[in-house]
Amino acid sequence: MHKSRFFSGIALLALSASGCALAAASPGRDVVVPAEPTAIDFVDPATVIGLSTRTLTEGDSPGSRYVHIDYPEFAGATALNRELRAQAERQLRDFRARNRGIEPVSPRPELNVDWQLAAASPEAVAVRLRTGEFQGESWANSTRTFWFDPRTREAAGSTGLLEGHPALVRLAALVREQLKERGNHVEHDSVTAADDEFDSMAFNRRGDLVVEFDDCQIGPCSLGRVAVAVPAEQVAPLLSRLGRQAQESAREPRTGSVDSPDFAPAHSPDAVSNRAGSVDCAKVKCVALTFDDGPGPYTGRLLDLLKEGRARATFFTVGSNATAQPALLRRMSVEGHLVGNHTWAHRDLSKQGSSKITETIAKTGDAVSAIIGQTPKLVRPPYGAVSQQVGNVAREMGLALVTWDVDAKDQDGDKAKDIADRTVREAHPGAIILMHDIHRETVDAVPDILKRLRGKGYSLVTVPELYGSAGMQAGRLYRSGNELPGKQPLT
């Protein structure tokens, strides 16, 4: 897509405060002051033309470590796309190296990266990567923000907002001055003018420069996120041309932005396929194709193939990807597929407390409901990892848990033919088949899978159709359509 088309979409963006991050009242006309000066206003990715998502993931196979890395990709922003992909690959490589030779134990080591848009305008685009790493006891969290200049098409790290090293030295001094006021809990003297210490910076709506530090970077890990907002007038002389563009863009009046989105609670009907009931799986052989982790760059083509093959599937969508590409979710629903819940950022639920489990499931459910007008009643726990607590939360929320009994193993880098051969060989009546619509090879395999399964007499249905009139119960874990008491599988 041509650059002008991509950034014409960004030019139409109007950014506004989320209710929880910014004060509703202001001391002056048309001036909104953050209730928390270090709060950053994030842009709704659905308003950016030419944005899609990419995912690196591993961990569904027994004994593997858990990895899920999401990042955006923009039409017309080659340099930024290259930087984001290089960062994702670097984090994956480093995580593997740290865990090489270590036998995975329970709970397994986990690397999780998601993203937010800290800016998106004709003057500046910023992607804030949020990384969580679990190494057996607790999560360590960090952030890194990459910037892009739409006018020059150049990408930069956060220090690219500054006019050279002298400006970074001065900024470090200003940050230390603010941190001194926070007492002895923060190690202000440890802040130096190093690029890796200032790798996550963005502007709040007042034009102040928000500098974020990673967990444990300048104080006890218990402090969590530590950030400083350097006043706009102090930072202005230190800014590069990109920094000045970004600061001015942040100050512009906004409507329609999101802070780590909080969607209104869903009051929509339960999600169902609009073709449910057209097949009786008690009388014919049925299998359910399920696709995890999208929508992604190949989901649109997958929907084309499913439509051509007269097959329907269940899509377990990641909330952050769903909100970035809502048109694909609407198409899933309209074309007879079922949209399920795969949590907001794909973190292992079995490592989390009840409140966090509830939050990530509810947030995704509300986001999907806002897009398709139906609320998902099926949840696929990331990596298929469950616990008694996960089951309890699902029951309280009225949701059924779904894993799988056939794994296409499409994350192992196999060719489309290998994926198709494995899927068809292991398919059986009532099978719930795990696949991923984020991989090109998976989508390439689908026509062959549909043709061969049809040739064996199978109907391709959504997961609830496997259970017919018996339905699916809240809090129960479903691995196969043959698990109902007294049900005899067809042959």
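**Notes on strands, a disulfide and buried aspartates**

Reader: Which backbone nitrogen lies 2.9 Å from a polar atom of the side chain of Asp149?

Author: That is the backbone nitrogen of Arg151. This is a predicted model, in which local features need pLDDT of at least 70 and side-chain atom pairs count only at pLDDT 80 or more, while totals for chains, interfaces and linings use all residues. Residues are numbered from 1 along each chain as its sequence is written, and side-chain values use heavy atoms, with hydrogens and water left out.

Reader: Thanks! Which side chain does a polar contact of 3.0 Å join to that of Asp149?

Author: The side chain of Arg241 is the partner. A polar contact is a pair of N or O atoms within 3.5 Å; within protein, one must be able to donate a hydrogen and the other to accept it, and residues adjacent in sequence count only if both atoms are side-chain atoms.

Reader: And what else is Asp149 in contact with, leaving aside neighbours within four places in sequence?

Author: Besides Arg241, Asp149 is in contact with Glu123, Glu154, Leu242 and Gln245, where contact means heavy atoms within 4.5 Å.

Reader: Does that make it buried or exposed, this Asp149?

Author: Asp149 counts as buried because its relative accessibility is 3%. The cut-offs are under 20% relative accessible area for buried and over 50% for exposed, with partly exposed in between (1.4 Å probe, protein chains only).

Reader: Which strand does Asp149 lie in?

Author: Asp149 lies in strand E5, residues 139–149. Helices (H or I, at least four residues) and strands (E, at least two) are DSSP runs, numbered from the N terminus.

Reader: How many bridges join E4 to E5?

Author: There are 10 bridges, and the two strands run antiparallel. Two strands pair if DSSP finds at least two bridges between them. Leu129, for example, has Arg144 in E5 as its bridge partner. The hairpin of E4 and E5 has 4 residues between the strands, and Gly136 takes a positive phi near 105° there.

Reader: What about E3 and E4, how many residues are between them?

Author: They form a hairpin too, with 4 residues between them. Strand E3 covers residues 110–120 and is joined to E4 by 10 antiparallel bridges, and Ala120 has Val125 in E4 as its bridge partner. Strand E4 (residues 125–134) is mostly covered, with 9 of its 10 residues buried.

Reader: Switching topic: how many disulfides does a search of the whole structure find?

Author: The search finds 1 disulfide, a pair of cysteine sulfur atoms within 2.5 Å by definition. It joins Cys281 to Cys286, S to S 2.2 Å. The link is left-handed, with -95° about the S-S bond.

Reader: Are Cys281 and Cys286 buried or exposed?

Author: Cys281 counts as buried because its relative accessibility is 7%. Cys286 counts as buried because its value is 3%.

Reader: Now Asp292, where does it lie?

Author: Asp292 lies in strand E10, residues 285–292. With a relative accessible area of 2%, Asp292 is buried. Its side chain is joined to that of Arg380 by a polar contact of 2.9 Å. Not counting residues up to four places away in sequence, Asp292 touches several others, including Phe316, His342, Leu434 and His436.

Reader: What do the buried residues of H6 pack against?

Author: They pack against E10, strand E11 (314–317), helix H8 (326–334) and helix H12 (440–455). H6 spans residues 299–308, and its buried residues are Thr299, Gly300, Leu302, Leu303, Leu305 and Leu306. Arg310 follows H6 and has a positive phi, near 55°.

Reader: One more: what is the order of the 3 strands in the open sheet?

Author: The order is E7-E8-E9, with antiparallel pairing. Strand E7 (201–203) and strand E9 (226–230) are the edge strands, each pairing on one side only. E7 and strand E8 (residues 209–213) pair over 3 bridges, and Met201 stands opposite Val211 in E8. Helix H3 (residues 164–180) packs on the sheet, touching E7, E8 and E9, and its direction makes about 115° with that of E9. Axes are lines fitted to C-alpha atoms, for helices over the stretch in contact, and angles run from 0 to 180 degrees between N-to-C directions.

Reader: And overall, how many helices and strands does the protein have?

Author: The protein has 12 helices and 18 strands, and 56% of its 491 residues count as buried.
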